[in-house]
Amino acid sequence: MSYRVPRALFVAFLSVVALLPSSVWAQNAQRSSSSQQRLYLVFPFENNGSSPRLDWLGEGLEELTIQYLSDAGEQVYSHAGRAGELERYGLPTSAKLSRATMLRIAQDLDADYVIFGSFNSDGTNLTVNSHLLRVDPPALIAPVSETGPLSSLMDMQAKVVWHTLVANDKSYPLALADFSKSLRPLRLDAFEHFVRGILATD
């Protein structure tokens with residue numbers, strides 16, 4: 001049996017809706033946008049410099065990217081998840097992979113995007129380059145680059161990750177300041193020890 005809403009009640013409902021502040025609609029739109037979760041797969045960044053003492057930054061930038069995406073509410077595979085998949089392929093975790101291989105692994109894991117990159121140091125400043133590869137249909141988004149002293153690594157990578165998200169989604173809801181506030185503070189020396197611990201375990 002169908003039920004017909006009385007006209008007076010329907011008109012009253014429309015009147016209430018019309019009085020709702022625009023912020024309510026903005027909040028609902030933001031929730032709708034954030035509900036469309038994307039899944040990221042991050043690979044270690046390649047050391048394009050000549051200093052092997054910075055090799056730890058390869059996995060370090062991978063781990064920072066994973067943490068920052070996670071802190072911002074994005075879905076992302078962990079370092080262990082990525083390493084386990086490489087092991088399944090019979091590849092060492094530090095293997096330099098072609099984009100085609102990264103794409104194939106991402107497809108097997110049902111990831112939507114791949115993030116990979118490189119870094120270089122002139123002894124004073126560090127330059128980080130990040131690339132975003134869309135899985136389906138395959139497309140390479142414009143690269144992102146940041147340069148600064150190694151001591152500013154956390155801030156630099158926060159900007160890299162934010163610019164990567166914005167380059168992929170022009171309607172990304174967080175400004176850089178708000179994005180940075182959502183990230184857990186990390187000390188560079190403690191983070192380096194953490195990454196070296198991961199590498200020792202591997």
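Two residues are said to be in contact when heavy atoms of theirs lie within 4.5 Å. With neighbours within four places in sequence left aside, Leu-69 is in contact with Tyr-40, Val-42, Glu-74, Val-76, Ile-115, Val-161 and Leu-165. The model is a predicted one, in which local features need pLDDT of at least 70 and side-chain atom pairs count only at pLDDT 80 or more, while totals for chains, interfaces and linings use all residues. Residues are numbered from 1 along each chain as its sequence is written, and side-chain values use heavy atoms, with hydrogens and water left out.

A nonpolar core is a set of buried Ala, Val, Leu, Ile, Met, Phe, Trp, Tyr and Cys residues joined through side-chain atoms within 4.5 Å; buried means under 20% relative accessible area, exposed over 50%, and partly exposed in between, for a 1.4 Å probe and protein chains only. The largest nonpolar core has 34 residues, and Tyr-40, Tyr-68, Leu-69, Phe-119, Val-128 and Phe-179 touch the most other members. At least two residues of this core come from each of β1 (39–42), α3 (56–71), β4 (113–121), β5 (125–134), β6 (139–149), α6 and α8 (188–201). These labels follow DSSP runs numbered from the N terminus, helices being H or I with at least four residues and strands E with at least two. Helix α6 gives the most to the core, with eight residues. A second, separate core of 15 residues includes Leu-39, Leu-41, Val-114 and Val-135.

Helix α6 (residues 153–168) also holds Thr-164, which counts as buried at 6% relative accessibility. A polar atom of the Thr-164 side chain lies 2.7 Å from the backbone oxygen of Val-160. Beyond its neighbours within four places in sequence, Thr-164 is in contact with Ile-115, Ser-130, Leu-132 and Val-144.

Next come the aromatic rings. Rings of Phe, Tyr and Trp (its six-membered ring) pair if their centres lie within 6.5 Å; planes under 30 degrees apart count as stacked, over 60 as edge-to-face and the rest as tilted. The count comes to three aromatic pairs. Tyr-40 and Tyr-113 are stacked, because their ring centres are 5.5 Å apart and their planes at 25°. This pair links distant parts of the chain, with Tyr-40 in strand β1 and Tyr-113 in strand β4, 73 residues apart. Both Tyr-40 and Tyr-113 are buried. Phe-191 and Phe-194 form a tilted pair, 6.4 Å centre to centre with 35° between the planes. Phe-191 is buried at 4% relative accessibility, whereas Phe-194 is partly exposed at 41%. Together with Trp-56, Phe-191 and Phe-194 form one aromatic cluster.

Notes: A polar contact is a pair of N or O atoms within 3.5 Å; within protein, one must be able to donate a hydrogen and the other to accept it, and residues adjacent in sequence count only if both atoms are side-chain atoms.
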